[in-house]
Amino acid sequence: MTPECAQTSLCRYTRGAACDKEAGSRAGAARVAVGSAVAVAAMDATGPHSQQPRVVLRLPPCWLLTAALLSLLLLLAYYCSGWSGEALQVQELARQMGCSPATLAATTTPPPPQRTVYVITPTYRRPEQLAELTRLAQTLMHVPALHWLVVEEEAPTTALVSELLASTDIPYDHLVGPMPEEYKNKPGTKARGVSQRNRGLQWIRANATTGVLYFGDDDNAYNIRLFEEMRSTERVAMWPVGLVTDYGISTPVVADGKFKGFYDGWIGGRKFPVDMAGFAVSVEFLLQRPNASMPYKVGFEEDRFLKSLAPFEPHEIELKANNCTKVLVWHTQTKKNKPSAALDMKKYNNTNLVLLKKIIV
């Protein structure tokens, strides 16, 4: 090698070493700036002219944890922005309605489920039956959380009654409660409706755990507010019934908000001289008295049933209808009708009267 070439090579080598030193200084500065990053330079061994430094950054576990935390913070910020947006919407709606957000939240929170009112209606085939049940159905259709137990006196159930029940939106059960033969064949006035009411009690004991029981006959007129009044019954609740006996009303007597006695056209030595439509019983209270039932004793059905709920005394009655000052049910007793005249089948055999005659008794 000539001296000139040696000098040239030495200069190139010196410049290459200086470049390497400068690159190393930069990498060191980068390591200082990054803190925990480690720079590793790898060179090709072919010579100073082909040196291509490669820098590989290895992140320690703490950096990976930091990145994960930053991701979680970003997600949290995203969801918080959504929540804050909903909060702003609630505030704006409350402002438009002229109330506070707390008041708006209270009014829009769905109420707890209502207690079910179980209405037991005994019925039997007669000219007024469908008319009575139709009128009662039109009332009960407006009452929420109600279950209607329609109990017929004889099996099988009447098809027309079944059709009527199915045409309503009322939850119902169509039952049969025939009178026992020993009472059916007994001379004198029959205690009608007792077997059907007891059948309804049997159904409730088998199918209900909470709610309110009410004996709603099909010959009464009901204000729908009555069912909301009875819904809160804890044991036994009572209220006035209009158009009962010569007194015109049957009701507990109330003074200064306290029970004082009974007002009824026929006391008859009864402990509870009330009308069948004038009281309701809590299902929970009934279930605690498995022997409670209605007796086959004409005129004493209500009294003996309430006495079978013992221990229970008149002063424990829950007074409804604004301390028994409102009449929300009337014992209207639809006028009795004679059976319709027989249809002349020779004359009307192919007319609509054949179908109508099946409806009109």
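Me: Where is Pro 311 found?
Reply: Pro 311 is in the loop between helix H10 and strand E13. Bear in mind that this is a predicted model.

Me: What kind of peptide bond joins Ala 310 and Pro 311, cis or trans?
Reply: Cis. Omega there is about 5 degrees.

Me: Which residue is joined to Pro 156 by a cis peptide bond?
Reply: Ala 155. For that bond, omega is about -5 degrees. Pro 156 sits in the loop between E4 and H5. As background, most peptide bonds are trans.

Me: OK, the sheet. What is the strand order in the open sheet?
Reply: The order is E5-E4-E3-E6-E12-E8-E13. That makes seven strands, with mixed pairing.

Me: Why is one side of E5 and of E13 left without a neighbour in the sheet?
Reply: Both stand at the edges of the sheet.

Me: How do E4 and E5 run, parallel or antiparallel?
Reply: Parallel. Five bridges join E4, residues 146-152, to E5, residues 172-176. In one of the pairings, Leu 149 has Asp 173 in E5 as its bridge partner.

Me: And how many bridges join E3 to E4?
Reply: Seven, and these two strands run parallel. Val 117 stands opposite Leu 146 in E4.

Me: Which helices pack on that sheet?
Reply: H5 packs on the sheet and touches E4 and E5. Its direction makes about 165 degrees with that of E5. H7 packs on the sheet too, touching E3, E4, E5 and E6. The direction of H7 makes about 150 degrees with that of E3.

Me: What unit do E4, H5 and E5 make?
Reply: A β-α-β unit, and it is right-handed. H5 spans residues 159-166.

Me: Which of them are closest to the centre?
Reply: Arg 192, Arg 197, Asp 217, Asp 219 and His 331.

Me: What does the whole lining look like by class?
Reply: There are 16 charged, ten polar and nine nonpolar residues.

Me: Which helices and strand each supply at least two lining residues?
Reply: The strand is E3, residues 117-123. The helices are H7, residues 194-207, and H10, residues 301-307.

Me: Now the hairpin. How do E10 and E11 run, parallel or antiparallel?
Reply: Antiparallel. Five bridges join E10, residues 249-255, to E11, residues 258-263. The bridge partner of Val 253 in E11 is Gly 261.

Me: How many residues lie between the strands of that hairpin?
Reply: Two. In this hairpin, Asp 256 takes a positive phi near 55 degrees.

Me: What about Asn 323, is its phi positive or negative?
Reply: Positive, at about 55 degrees, although Asn 323 is not a glycine. Asn 323 is found in helix H11, which covers residues 321-324.

How values were computed. Residues are numbered from 1 along each chain as its sequence is written. This is a predicted model: local features need pLDDT of at least 70, side-chain atom pairs count only at pLDDT 80 or more; totals for chains, interfaces and linings use all residues. Side-chain values use heavy atoms; hydrogens and water are left out. On a 1 Å grid over the protein atoms alone, a cavity is a set of points where a 1.4 Å probe fits but cannot get out, and a pocket is an open set with protein on both sides within 12 Å along at least five of seven lines; lining residues have an atom within 4 Å of a point. Helices (H or I, at least four residues) and strands (E, at least two) are DSSP runs, numbered from the N terminus. Ala, Val, Leu, Ile, Met, Phe, Trp, Tyr, Cys and Pro count as nonpolar, Asp, Glu, Lys and Arg as charged, and the others, Gly among them, as polar. Two strands pair if DSSP finds at least two bridges between them. A crossover is right-handed if, with the strands pointing away from the viewer, the path from the first strand over the helix to the second runs clockwise. Contact means heavy atoms within 4.5 Å. Axes are lines fitted to C-alpha atoms, for helices over the stretch in contact, and angles run from 0 to 180 degrees between N-to-C directions.
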